[in-house]
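Trainee: I am new to this structure and want to know what stands behind each label. Please set every value against its definition.

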Amino acid sequence: MQQYIIYKRVSTKEQGRSGLGLDAQERDIELFLENFSPAPYEVLGIYADVLSGAENTRPELDAALALARETGATLLVSKLDRLSRKVSAIAALMEDKKVAFRVAQMPNADNFQLHIYAALAEQERAFISARTKAALTEAKARGAKLGGLRDKTMKRNDAVKANARARAEKIAGLVIPLRDAGKSLREIAEHLNTAGVQTARGGRWQASQIKRTLDRLDAA
C-alpha cells in the first residue's frame, strides 16, 4: 500500500492569499490523492508549519521528514516551494536516500524536472526583486511623490509589469526556440505543459498566454 506523509506550510501573510493558504494546499493534495496516487493509499501523518518561507527552523517539517525516513512513506506537498524556496535545500532532499517526495501540482514531474523548476523559481524571485527596485527607481526619477495613495498604485502597477516581464524572460529559453522552429502557439503551450512548467498561478498554459509572453519578450 502506498503511504504518504502530508506537509503544508503557510505564513500569516499568505493565509488569505489565493493559491497559498492551507485550504488551497489541502485541495491540491486531495486532487493528487484522488487522481494520481496508486490505490489503495494510506496517510500516516499530517504536519503544518506556520512561518515565513525564509525561516530556516521548521519543526513540523523536521518531524515529517523524520517519520518519512523511519517508515519509508512518501512526503507529499502541494507546491515545491512549500518545502523550500532554496534550490540547495531541494537538492539536499533529493540526495537523501531515505526521503522520497511528490508535488501535488506537478504529479508527473521527476526529480530532474523538479530541480529545474526550483532553479527557475529561485532565479525568477531574484529577477523580480531587481526589476521591482529598478521600476521604483525609475518612478522616483519621473518625479513621483512617495507615500501617497497614488504613488502606491503606481508602484503596484510598476511591480505587476516588472513581474510579468520577469516571468516571460524566465521561460524565454524555452518558448523562443520553439517559435523559431515554426511551432504554433498551441504546440508551444502543449510543450510547456508536458515539461511540467506551470503558469504564474500554477495552471496549464494556453495559446493566448504564450502569445502574451512572446509579445512581452519582443517588446523588451
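Trainee: Why is Glu190 called partly exposed?

Mentor: Buried means under 20% relative accessible area, exposed means over 50%, and partly exposed is in between (1.4 Å probe, protein chains only). Glu190 has 40% relative accessibility, so it counts as partly exposed. Note that this is a predicted model, where local features need pLDDT of at least 70, side-chain atom pairs count only at pLDDT 80 or more, and totals for chains, interfaces and linings use all residues. Residues are numbered from 1 along each chain as its sequence is written, and side-chain values use heavy atoms, without hydrogens and water.

Trainee: What makes Arg186 and Glu190 a salt bridge?

Mentor: The term requires a side-chain nitrogen of Lys or Arg within 4 Å of a carboxyl oxygen of Asp or Glu. Between Arg186 and Glu190 the N to O distance is 2.7 Å, and their side chains meet in a salt bridge. Arg186 itself is exposed, because its relative accessibility is 52%. Both residues lie in helix 7 (residues 185-194), four residues apart, about one turn of the helix.

Trainee: How many salt bridges are there by this rule?

Mentor: Seven. One of them joins Arg69 and Asp96, whose closest N and O atoms are 2.8 Å apart. That pair links distant parts of the chain, 27 residues apart: Arg69 is in helix 2, and Asp96 is in the loop between helix 3 and strand 4. Arg69 counts as partly exposed because its relative accessibility is 38%.

Trainee: Are Arg82 and Asp81 buried or exposed?

Mentor: Arg82 has 0% relative accessibility and so counts as buried. Asp81, with a relative accessible area of 18%, is buried too. Their side chains form a salt bridge at 2.9 Å, N to O.

Trainee: How many helices and strands does the protein chain have?

Mentor: It has eight helices and four strands. They are DSSP runs, numbered from the N terminus: helices are H or I with at least four residues, strands are E with at least two. From the N terminus on, the order is β-α-β-α-β-α-β-α-α-α-α-α.

Trainee: What makes strand 1 and strand 3 a pair?

Mentor: Two strands pair if DSSP finds at least two bridges between them. Strand 1 (residues 2-10) and strand 3 (residues 74-77) have three bridges, in the parallel sense. Tyr4 stands opposite Thr74 in strand 3, and Leu75 is the bridge partner of Ile5. Strand 3 also pairs with strand 4 in the parallel sense, over four bridges. There, Thr74 has Ala100 as its bridge partner.

Trainee: In what order do the four strands form the sheet?

Mentor: The order is 2-1-3-4, in an open sheet with parallel pairing. Strand 2 (41-50) and strand 4 (100-103) are the edge strands, since each pairs on one side only.

Trainee: How do you know that both faces of strand 3 are covered?

Mentor: Thr74 and Leu76 on one side, and Leu75 and Val77 on the other, are all buried.

Trainee: Which residues of helix 3 are buried, and why are they said to be on one side?

Mentor: In helix 3 (residues 87-95), the buried residues are Val87, Ile90, Ala91, Leu93 and Met94. They cover an arc of only 160° around the axis, and therefore lie on the same side of helix 3. The arc is that of the directions from the helix axis to the C-beta atoms. Exposed Ser88 and Glu95 are on the face turned away from the buried side.

Trainee: What makes a set of residues a nonpolar core?

Mentor: Its members are buried Ala, Val, Leu, Ile, Met, Phe, Trp, Tyr and Cys residues joined through side-chain atoms within 4.5 Å. The largest core here has 25 residues, of which Ile5, Leu75, Leu80, Leu83, Phe101 and Leu114 touch the most other members. Helix 2 gives the largest share, five residues. A second, separate core has 13 residues, including Ala168, Ile171, Ala172 and Leu192.

Trainee: Which residues is Leu83 in contact with, leaving aside its neighbours within four places in sequence?

Mentor: Contact means heavy atoms within 4.5 Å. Among the residues in contact with Leu83 are Tyr7, Arg58, Leu61, Leu75 and Phe101.
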